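This report looks at packing in one protein chain. Please load the sequence and the structure shown here.

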Amino acid sequence: MGPLPQLVRQMAGERQLQRALGRAHLPSAVLERPDTRILLADLVTLFDAAAREVGDPGLGLRVGQAMRATDYGTFVRWAAAAPTLGQALARVVRAGGHYQRPGVLTFAVRGDRACLAYGADLYGAGRARQHADHVLGPMVHLARLYLGPGWRPAEVRVPYSRDRQETLLEEAFEAPGRFDAAGVGIVLERELPWTPHAGPPPPPPSRAELRALVRGGGSTLTRAVRDIALLQLEQGSAELAPVATRLALHPRRLQRLLAAEGTTFRAVLDGVRLERAERLLAAPGARIADVALAAGYEEPAHFTRAFRRWRGVSPSAFWQAVEARDR
């Protein structure tokens, strides 16, 4: 989401922000946990709903211009540590699949121009305009790490039709816009990818962070179910039918697809519950009964048995270990 929540609060207020979250089926808890993975479809809805709530057709552009490329996390931090811009863009494309697979990043050189582009199936719908616009800001920021803060793209591309947004788009980047493109992207002169950093490069991620990206990235169905179940659990409970609805699948179809990935909905949900429980147990003053309820267990005894199987220790022993470590 980047700075979207803060901008909506400043421009319209907390009530409008909560209404936008509700339209995207997102709980308020995501505001407190910026590392929460959110379905791309829900992000698209959130950006569109937020723009409507504040009455600003340029909200997506504002969000993007307030972001740094490295706000996307490990994969862009690894890219931005490359010696030249071309190597950075190649790294973005190479590592992007570990971050998100519904969207596709490409970098191509044709004639006297080069283009970094991002495309997603959802960008075929007009409602994806706000989300598409916000991608441009971080793209330009990544290029400026090498080309300097005054650099402007030769062209910006967007997947929607030309209308009153034309002025907003071209004024935002001081560059001509190309509309109805296959995706969203920035165009630069062919020779620029060989440019080294304009200043000190940002610190690269650790090897452990890169390993975690490779192990946990991407978008398998199991990962999507996990992410949705976690968000629904924040709102009270997570069940098969609502999760299947969020994925536009029949519950039986979802179960079959999960079986093909070697798991079940119950196994995914149990993992989500226990991960949530572990996070809650790490909070100061945590009470076992409250944590059990928040993790979806009606009986603390059932929670204790499940947690012991998962972690090898009881919830109380885990909590005591956390308390001792933090003293």
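## Around Tyr123

Tyr123 is in contact with Tyr118, Ala128, His131, Ala132, Val135, Pro159 and Val184, leaving aside neighbours within four places in sequence. The model is predicted.

## Nonpolar cores

The largest nonpolar core has 44 residues. Those with the most contacts inside it are Tyr118, Tyr123, Leu136, Trp151, Leu169, Phe173 and Ile186. Two or more residues each come from α3, α5 (74–80), α6 (85–99), β2 (113–120), α7 (129–147), α8 (165–173) and β5 (184–189). Helix α7 gives the largest share of this core, 9 residues.

In soluble globular proteins, nonpolar side chains tend to be buried together.

## A buried aspartate

Asp42 sits in helix α3 (residues 40–54). Is Asp42 buried or exposed? Its relative accessible area is 7%, under the 20% cut-off, so Asp42 is buried. Not counting residues up to four places away in sequence, Asp42 touches Ala24, Leu26 and Arg246.

## Helix pair α10 and α12

Helix α10 (residues 221–234) packs against helix α12 (residues 251–260). The angle is about 125 degrees, and the axes are 9 Å apart. That angle lies between 115 and 145 degrees, so α10 is oblique to α12.

From α10, Leu221, Thr222 and Val225 meet Leu254, Leu257 and Leu258 of α12. By class, this contact has 5 nonpolar residues, 1 polar residue and no charged residues.

Key
Residues are numbered from 1 along each chain as its sequence is written. This is a predicted model: local features need pLDDT of at least 70, side-chain atom pairs count only at pLDDT 80 or more; totals for chains, interfaces and linings use all residues. Side-chain values use heavy atoms; hydrogens and water are left out. Helices (H or I, at least four residues) and strands (E, at least two) are DSSP runs, numbered from the N terminus. Buried means under 20% relative accessible area, exposed over 50%, partly exposed in between (1.4 Å probe, protein chains only). Contact means heavy atoms within 4.5 Å. A nonpolar core is a set of buried Ala, Val, Leu, Ile, Met, Phe, Trp, Tyr and Cys residues joined through side-chain atoms within 4.5 Å. Axes are lines fitted to C-alpha atoms, for helices over the stretch in contact, and angles run from 0 to 180 degrees between N-to-C directions. Angles under 35 degrees count as roughly parallel, over 145 as roughly antiparallel, 65 to 115 as roughly perpendicular and the rest as oblique. Ala, Val, Leu, Ile, Met, Phe, Trp, Tyr, Cys and Pro count as nonpolar, Asp, Glu, Lys and Arg as charged, and the others, Gly among them, as polar.
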